[in-house]
Amino acid sequence: MMSPTSVASAYYAAAIADFLSEPAEAVLGALTARSPFAVEPTQRDAWLGEIAVLKTALVGIGGTLSLEFDVPRIGSRIDAVLISGPAAFPIEFKVGKRDFKTLQAYFRPLSRTMSLVTVDRVRARRLPSRD
């Protein structure tokens, strides 16, 4: 797992290869330890479900994975952010949801993606020139 300071805005962050080799319980422990709230059984079970899906889906993919990634601009967290090559993929899980009754539920991942792009652009302006 990456050090907490390497991705301070995520409860868990690691290279995908490291994530895949860690037991689900170790990832869950890291998420639980970084959570500022009491972790209810429903949240624990949701995280275990997400971890299981990601461990299957990310085989053969290089990059980094952050779980419970904080986006201050919107005051919310993204369930998972995958960075592979030049691309960032926000991933929202809806564990236990069968239907979505509002347009907001459909557009939330898009909104969070746009927030990530905005945060990235702001950070890029703060970095010194590479010239």
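This is a dialogue on how to read features of a predicted model.

Colleague: What should I know before I start?

Modeller: The model is predicted, so local features need pLDDT of at least 70, side-chain atom pairs count only at pLDDT 80 or more, and totals for chains, interfaces and linings use all residues. Residues are numbered from 1 along each chain as its sequence is written, and side-chain values use heavy atoms, with hydrogens and water left out.

Colleague: How many helices and strands does the protein chain have?

Modeller: Start with the definition. Helices (H or I, at least four residues) and strands (E, at least two) are DSSP runs, numbered from the N terminus. Here the protein chain has 4 helices and 4 strands. Along the sequence the pattern is β-α-α-α-β-β-β-α.

Colleague: Which strands pair, and in what sense?

Modeller: Two strands pair if DSSP finds at least two bridges between them. β1 and β2 pair in the antiparallel sense over 5 bridges. Ala 10 has Phe 69 in β2 as its bridge partner. β2 and β3 also run antiparallel, joined by 7 bridges. There, Leu 67 stands opposite Ala 80 in β3. β3 and β4 (residues 87–91) pair in the antiparallel sense over 5 bridges. Ser 84 has Ala 87 in β4 as its bridge partner.

Colleague: How many residues lie between β3 and β4 in their hairpin?

Modeller: There are 2 residues between them. Gly 85, in the turn, has a positive phi of about 60°.

Colleague: Which residue has a positive phi although it is not a glycine?

Modeller: Glu 68, with a phi of about 55°. Its place is in strand β2.

Colleague: Is Glu 68 buried or exposed?

Modeller: Buried means under 20% relative accessible area, exposed over 50%, and partly exposed in between (1.4 Å probe, protein chains only). Glu 68 has a relative accessible area of 5%, so Glu 68 is buried. Pro 36 is found in the loop between α2 and α3. At 59% relative accessibility, Pro 36 counts as exposed. Of the 131 residues of the protein chain, 30% count as buried. β1 is mostly covered, with 5 of its 6 residues buried.

Colleague: How do I read a nonpolar core?

Modeller: In soluble globular proteins, nonpolar side chains tend to be buried together. A nonpolar core is a set of buried Ala, Val, Leu, Ile, Met, Phe, Trp, Tyr and Cys residues joined through side-chain atoms within 4.5 Å. The largest one here has 18 residues. Tyr 12, Phe 19, Leu 31, Leu 54, Leu 65 and Leu 67 have the most contacts inside it. β1, α1 (16–21), α2 (24–34), α3, β2 (64–71) and β3 (76–84) each give two or more residues to this core. α2 gives the most, with 4 residues. A second, separate core of 5 residues includes Ala 10, Val 71, Ile 78 and Val 81.

Colleague: What is Leu 65 in contact with?

Modeller: Contact means heavy atoms within 4.5 Å. Leaving aside neighbours within four places in sequence, the partners of Leu 65 include Tyr 12, Phe 19, Leu 54, Leu 58 and Leu 82. For the protein chain, residues 24 or more positions apart account for 50% of the contacts with a separation of 6 or more.

Colleague: How many aromatic pairs are there?

Modeller: Rings of Phe, Tyr and Trp (its six-membered ring) pair if their centres lie within 6.5 Å; planes under 30 degrees apart count as stacked, over 60 as edge-to-face and the rest as tilted. The whole structure has 2 aromatic pairs. Tyr 11 and Trp 47 are edge-to-face, 6.4 Å centre to centre with 85° between the planes. Tyr 11 lies in strand β1 (residues 10–15) and Trp 47 in helix α3 (residues 41–57), so this pair ties together parts that are 36 residues apart in sequence. Both Tyr 11 and Trp 47 are buried. Tyr 12 and Phe 19 are also edge-to-face, at 6.1 Å and 65°. Both Tyr 12 and Phe 19 are buried.

Colleague: Which charged end sits over the ring of Phe 19?

Modeller: The test is NZ of Lys or CZ of Arg within 6 Å of the ring centre and within 35 degrees of the ring normal. The charged end of Lys 55 sits over the ring of Phe 19, 4.7 Å from its centre.

Colleague: What does the side chain of Asp 79 reach?

Modeller: Asp 79 lies in strand β3. Asp 79 is buried, with a relative accessible area of 11%. Its side chain reaches the backbone nitrogen of Phe 93 at 2.7 Å. A polar contact is a pair of N or O atoms within 3.5 Å; within protein, one must be able to donate a hydrogen and the other to accept it, and residues adjacent in sequence count only if both atoms are side-chain atoms.
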